[in-house]
Every structure is written in C-alpha cells, then in structure tokens.
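The sequence and structure are shown first.

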Amino acid sequence: MTYPNEGHKIMSAAQASIYVREMIHREARGPGDYENAMRRIEAKYGVGFWTLDHLRKGKAKTCDVGLYAQIKSAFADHCGAHARRLLKKAEIAQIVEPNDDVAAIETEIRALLARLEAATGNSKEAVK
C-alpha cells in the first residue's frame, strides 16, 4: 500500500512481516526460541508480543503507519547492532592475525554503520 503524501515508500503488513521475521531469526538463540526472541524484541523495542506473532505468521492483513515506522526503526537498530558485533569480530581477527581481506571487510562494515546512522539520525555509538 502506498500513501500519496509519502512518495513511493511502501508501508505494508507484508513488508513489516519481512522485517519482523528477520529480527526474530537473528534474535533467536536456536530452534524453538522464537517466543523468547519475540519477548526480547518486545522489551527492547516496545512492539507487542502478539503484534510480532501475527506479523511473523503472516496473519496481519494491515499495518498502520505508526506501527510500520516503529518496526522499521527497530529493524534498522537491530541491523546496526548486528553490524557492530561483526565489526568487533573483525577487529579481534585483525589483532590475532592481520589480514588484508579482513581489513577490507572491516572498512566496509564501518562504512555501512556510518550510512545506517546517517539514514536513521542515530549516532549513539561513534564508529572508530
């Protein structure tokens, strides 16, 4: 569903479901941990457990603009946290055994984090 005053930004339950499924997948600590993952996401981002559950299962047919914005913001934050974890792993790998390929990946992760923070307007953690 496209809203005329928003240009061509897509705000749909289907897209929100994709964001929610990806967050739950990344948050889950293994098979069968989806409920706990949804509770952690609920606590961190304030999106209700049952809302997450309906979106995950594809039962939600509509998604209001406010909820969509909240989910999109949560997804961006979740991706940023994942990128920061990858950056720490790359930094540790560089300390253990310097490698040009890992250095290039580290540079790309830093650039990605900078773009993400610029797009969301967040600068909670400065990227070194």
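This is a predicted model: local features need pLDDT of at least 70, side-chain atom pairs count only at pLDDT 80 or more; totals for chains, interfaces and linings use all residues.

Helix H1 (residues 13-27) packs against helix H3 (residues 49-57) at an angle of about 105 degrees, and their axes are 8 Å apart. H1 is therefore roughly perpendicular to H3, since angles of 65 to 115 degrees count as such. On the H1 side, the contact is made by Ala13, Ala16, Ser17, Val20, Arg21 and Ile24, which meet Leu52, Leu55, Arg56 and Lys57 in H3. Sorted by class, the contact of H1 with H3 has six nonpolar, one polar and three charged residues.

Helix H2 (residues 34-45) has twelve residues, which at 1.5 Å a residue should span 16 Å.

Which residues of H2 are buried? They are Ala37, Met38, Ile41 and Tyr45. These four cover an arc of only 100 degrees around the axis, which means that they lie on the same side of H2. The cover over the buried residues of H2 includes H1, H3 and helix H4 (65-96). Glu35 and Ala43, on the other side of H2, are exposed.

| Residues of H2 | Relative accessible area |
|---|---|
| Ala37, Met38, Ile41, Tyr45 | buried, under 20% |
| Glu35, Ala43 | exposed, over 50% |

After H2 comes Gly46, which has a positive phi, near 80 degrees.

Technical notes:
Residues are numbered from 1 along each chain as its sequence is written. Side-chain values use heavy atoms; hydrogens and water are left out. Axes are lines fitted to C-alpha atoms, for helices over the stretch in contact, and angles run from 0 to 180 degrees between N-to-C directions. Helices (H or I, at least four residues) and strands (E, at least two) are DSSP runs, numbered from the N terminus. Angles under 35 degrees count as roughly parallel, over 145 as roughly antiparallel, 65 to 115 as roughly perpendicular and the rest as oblique. Contact means heavy atoms within 4.5 Å. Ala, Val, Leu, Ile, Met, Phe, Trp, Tyr, Cys and Pro count as nonpolar, Asp, Glu, Lys and Arg as charged, and the others, Gly among them, as polar. The expected span of a helix is 1.5 Å times one less than its number of residues. Buried means under 20% relative accessible area, exposed over 50%, partly exposed in between (1.4 Å probe, protein chains only). The arc is that of the directions from the helix axis to the C-beta atoms.
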